[in-house]
Amino acid sequence: MNGPRGRMVGPLRAALHSPELADRWSKLGEYLRYKTSLSPVQSELAILVTARHWSSDTEWAIHADIARVVGLDSGIIEAIRRCITPPFTDPDQALIYEYARQLLQTGHVSGEIYNLLHKRFEDVWLVELTALIGYYSMVAMTLNAHSIPRPHNSRESLLPIGGEPSRLPEISPDAIGALFAGNSLSRVADVQPAE
């Protein structure tokens, strides 16, 4: 309550059953949310990919609203929600999406995607991005396992939810290269939205 959030939200409601865990969890979350070298748009994009992967309605509801406020394009937010190819124009955003998507779906990241990001950002940025994805996976699992409801003031929803993790479409290194060359990323028309 005394931290930057100013209120008791999300997984901390469950973590309070273990006060020492809740205290450490809160400090880690505060660092990853507010103090990393990622921009707010970069952080929220990675969080949304994580929320979508785990079909975490509560995590989605909280962070889709925040993503809009910090300036992430609403078309990108909606595409991630529907599990269709996002209409990226920023190659760094496409790289963050693909890095998070691969890490979440396979537990690994291709050398090509890793190297492209490593050329763009410092080591600390890449380590913090990876930690952010891992942390918000823990958050999503906690929210899902304990059925913590989404905020009453949010109209955002992933519904229907449940079942297997969502499968977001791949963005190839060639498509990301086209973004660096100034070409737009065309949407893939035949990708079906998530159920």
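Is the crossing of H6 and H7 left-handed or right-handed? The crossing of H6 and H7 is left-handed, where left-handed means that the near helix is turned anticlockwise from the far one by less than a right angle, and right-handed that it is turned clockwise. This is a predicted model, in which local features need pLDDT of at least 70 and side-chain atom pairs count only at pLDDT 80 or more, while totals for chains, interfaces and linings use all residues. Residues are numbered from 1 along each chain as its sequence is written, and side-chain values use heavy atoms, with hydrogens and water left out.

**Overall make-up**

- The protein has nine helices and zero strands, where helices (H or I, at least four residues) and strands (E, at least two) are DSSP runs numbered from the N terminus.
- Along the sequence, the protein follows the pattern α-α-α-α-α-α-α-α-α.
- Of the 195 residues in the protein, 46% are buried, a term that stands for under 20% relative accessible area, with exposed meaning over 50% and partly exposed in between (1.4 Å probe, protein chains only).
- Among contacts with a separation of 6 or more, 74% are between residues 24 or more positions apart, contact being defined as heavy atoms within 4.5 Å.

**H6 against H7**

- Helix H6 (residues 91-106) and helix H7 (residues 111-120) have axes that come within 10 Å and cross at roughly 135°, the axes being lines fitted to C-alpha atoms, for helices over the stretch in contact, and the angles running from 0 to 180 degrees between N-to-C directions.
- H6 and H7 are therefore oblique to each other, since angles under 35 degrees count as roughly parallel, over 145 as roughly antiparallel, 65 to 115 as roughly perpendicular and the rest as oblique.
- On the H6 side, Asp92, Leu95, Glu98, Tyr99 and Gln102 take part, and they meet Ile113, Tyr114, Leu116, Leu117 and Arg120 in H7.
- By class, this contact of H6 with H7 has six nonpolar, one polar and three charged residues, with Ala, Val, Leu, Ile, Met, Phe, Trp, Tyr, Cys and Pro counted as nonpolar, Asp, Glu, Lys and Arg as charged, and the others, Gly among them, as polar.

- The 14 residues of helix H3 (residues 40-53) should span 20 Å at 1.5 Å a residue, and the end C-alpha atoms are 20 Å apart, which agrees; the expected span is 1.5 Å times one less than the number of residues.
- Because 13 of its 14 residues are buried, H3 is largely enclosed by the rest of the structure.
- The axes of H3 and helix H8 (residues 123-145) lie 9 Å apart at an angle of about 40°, which makes H3 oblique to H8.
- H3 passes H8 in a right-handed crossing, and the residues that meet are Gln42, Ser43, Ala46, Ile47 and Thr50 in H3 and Trp125, Leu129, Leu132, Ile133, Tyr136 and Ser137 in H8.
- The contact of H3 with H8 comprises seven nonpolar, four polar and no charged residues.
- Glutamine 42 lies in helix H3 and counts as buried at 13% relative accessibility; leaving aside neighbours within four places in sequence, glutamine 42 is in contact with Ile96, Phe121 and Trp125.
- Glutamine 42 and isoleucine 96 are 54 residues apart in sequence, with a C-alpha to C-alpha separation of 7.3 Å.

**H6 against H8**

- H6 and H8 pack at an angle of about 50° with their axes 11 Å apart, which makes H6 oblique to H8.
- The crossing of H6 and H8 is right-handed, and by class their contact has nine nonpolar, two polar and no charged residues.
- Isoleucine 133, found in helix H8, is buried with a relative accessible area of 2%; apart from neighbours within four places in sequence, isoleucine 133 is in contact with Ala46, Thr50, Tyr99, Ala100, Leu103 and Leu104.

**Positive phi values**

- Most residues other than glycine have a negative phi.
- Cysteine 83, in the loop between helix H5 (74-82) and H6, has a positive phi of about 60° and is buried, with a relative accessible area of 3%.
- Serine 147, in the loop between H8 and helix H9 (173-180), has a positive phi near 50° and counts as exposed at 59% relative accessibility.
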